[in-house]
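This report describes the overall make-up of a protein and then two local packing arrangements. The sequence and structure are shown first.

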Amino acid sequence: MKTFEEIGVSEPLRRAVEELGFEAPMPIQERVIPRLLGDAKDIVALAQTGTGKTAAFGLPLLQRVDPDEKRPQALVLAPTRELCLQIGSDLVDFSKYIPGVKVLPVYGGSSIESQIRSLKAGVQVIVATPGRLIDLIKRGVVKLDDVKTVVLDEADEMLNMGFLDSIEEILKHVPEDHKTLLFSATMPNDILKIAKRYMKDYEEIVVGSRNEGAENVRHIYYMVNARDKYLALKRVVDNSPNIYGIVFCRTRRDTQEVADALIKDGYNAEALHGDLSQQQRDIVMKKFRDRVVSLLVATDVAARGLDVDSLTHVINFGLPEDTAVYTHRSGRTGRAGKSGVSIAIIHSRERGRLREIERIIGKKFERKDVPTPEHIIEKQLYNLADRLERVKVNEDEIARYLPGISRKLEWLSEDDLLKRVISLEFNRLLNYYKDAPKIDFIDAKPEKERKGGKGKRFESDGDKDRRVAEPGMERIYINLGKRDGFYAGNLIDMLNKLVQGKRVDVGRIDLMPGYSLFDVKKADARKVVGALTGAEFVGKRVHAEIADATRDYARIAEKKRK
């Protein structure tokens, strides 16, 4: 595997992408970047969203830009406002250490006057939706005479949305000696038409299947200790200021508790589960569809009637046992040509389940560090600045109040006023995250060691490691396993129904064919054993005990089976 340095990426760009967590180029980046930096011909790249496309075109595009020239030198066309903003944000992040480079997203639905002012001030990179760019070209505000690189991202989606004529109109204004990079998930005839008409002797690069359908979902996981899952959830939400998503929980009880906690902590959330009346569910779903609520905490069954195309995130507050359920959850985002994110917040013992889901859906999850307080606050500050830029000012209505406010605040300097606006918005976050610890789960052993050397996994039912509890916990044995149709969700349901008092915190769970082992806090162990023993599960009488590390439960289960 090559490094970013080996494929020609400059030091300022390497420093920026390393800070963003990129360790090595992804396949599409390794193949595209050297060609765009060299003397390569035009490129048609067939790849799905989530394969690292933005860095593949963004890094060489930025490296070819001259910061001293204040005219547009690179143009990226995208089908939607959301993708336009995302690409623009990524390019700004990549160019962090290149002084003087300005990136401007240009799209409909935002103030055109503000965009015109930015263009007149000078930008090197324009990221645009076709309609708004044509409007600016017709006004004489945008000149594309110095553009050296043109990127058509999600070209098939632009064609689906009827942008073919617009693309052709825009390309007429670009010099003939530019490089064109066309990204598409599929290769319909109209894409070939554009390629043949506007691209000179282009090279085709394929990552994945040549005509694989677009799947705009990025799969990410965060690994934390079981007790830190809620803290991780809050950080993920805080790190996404404009989040509009569903948090999936396994049980009704978990769903209500997570929603209540979020509401108590000041988040715009609601619960959706089977214990609500139909009228209550209709009210919650309407509030969510109308974006009065930005976070819906739901069980899978309750969310089935909800059809929303514009979700930014799906968050799994625990992986489902059935991979089809995960697929259904993640498929709720990334619809209608938009990109989406499916996040799993897991503890270390759910790693195997994650790998199984990866195998079945044919996609890799990216492991990310839980967002740090510093990153969250920086992200929120930039979001506030963006909101201040975009806010619609009603000049006529507000004018009569300005003199009085100005007199009241005239003793404040511009700097003091800005600090107070920021403090008004961010004191809660600043206080909450003051001295907040890092909560990522740290692997005690490297991956190869955990697997027992070269690919050997400790998966035999007689493995003694399964019988040992994590520190501060007690290991419980129960005579139910996968052969009984018993899974983690069933265990949680039984504990919720049978154990009196406050909710039992469950740690690591190991499900075997004929039995299961799970961790609870030492103080709860005897209460849990007493509550489970004698109960019934699908006609089978339950036996539970505090696990004995010297007993071979696999052999016992096999004897009972015979």
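## Helix crossing

A crossing is called right-handed if the near helix is turned clockwise from the far one by less than a right angle, and left-handed if anticlockwise. In this predicted model, the crossing of helix 5 past helix 6 is right-handed. Helix 5 spans residues 112-121 and helix 6 spans residues 130-138; the two pack at an angle of about 65 degrees, and their axes lie 12 Å apart.

On the side of helix 5, the contact is made by Ile112, Gln115, Ile116 and Leu119, which meet Arg132, Asp135 and Leu136 of helix 6. By class, the residues of this contact comprise 4 nonpolar, 1 polar and 2 charged. An α-helix has 3.6 residues a turn, so residues three or four places apart point the same way.

Helix 20 covers residues 488-498, and its buried residues are Ala488, Gly489, Leu491, Ile492, Met494, Leu495 and Asn496.

These buried residues pack against both helices and strands. The helical partners are helix 11 (252-264) and helix 21 (525-532). The strand partners are strand 16 (506-511), strand 17 (516-521) and strand 18 (536-537).

## Overall make-up

The protein contains 22 helices and 20 strands. Of its 562 residues, 48% are buried. Among contacts with a separation of 6 or more, 75% join residues 24 or more positions apart.

Notes. Residues are numbered from 1 along each chain as its sequence is written. This is a predicted model: local features need pLDDT of at least 70, side-chain atom pairs count only at pLDDT 80 or more; totals for chains, interfaces and linings use all residues. Side-chain values use heavy atoms; hydrogens and water are left out. Buried means under 20% relative accessible area, exposed over 50%, partly exposed in between (1.4 Å probe, protein chains only). Helices (H or I, at least four residues) and strands (E, at least two) are DSSP runs, numbered from the N terminus. Contact means heavy atoms within 4.5 Å. Axes are lines fitted to C-alpha atoms, for helices over the stretch in contact, and angles run from 0 to 180 degrees between N-to-C directions. Ala, Val, Leu, Ile, Met, Phe, Trp, Tyr, Cys and Pro count as nonpolar, Asp, Glu, Lys and Arg as charged, and the others, Gly among them, as polar.
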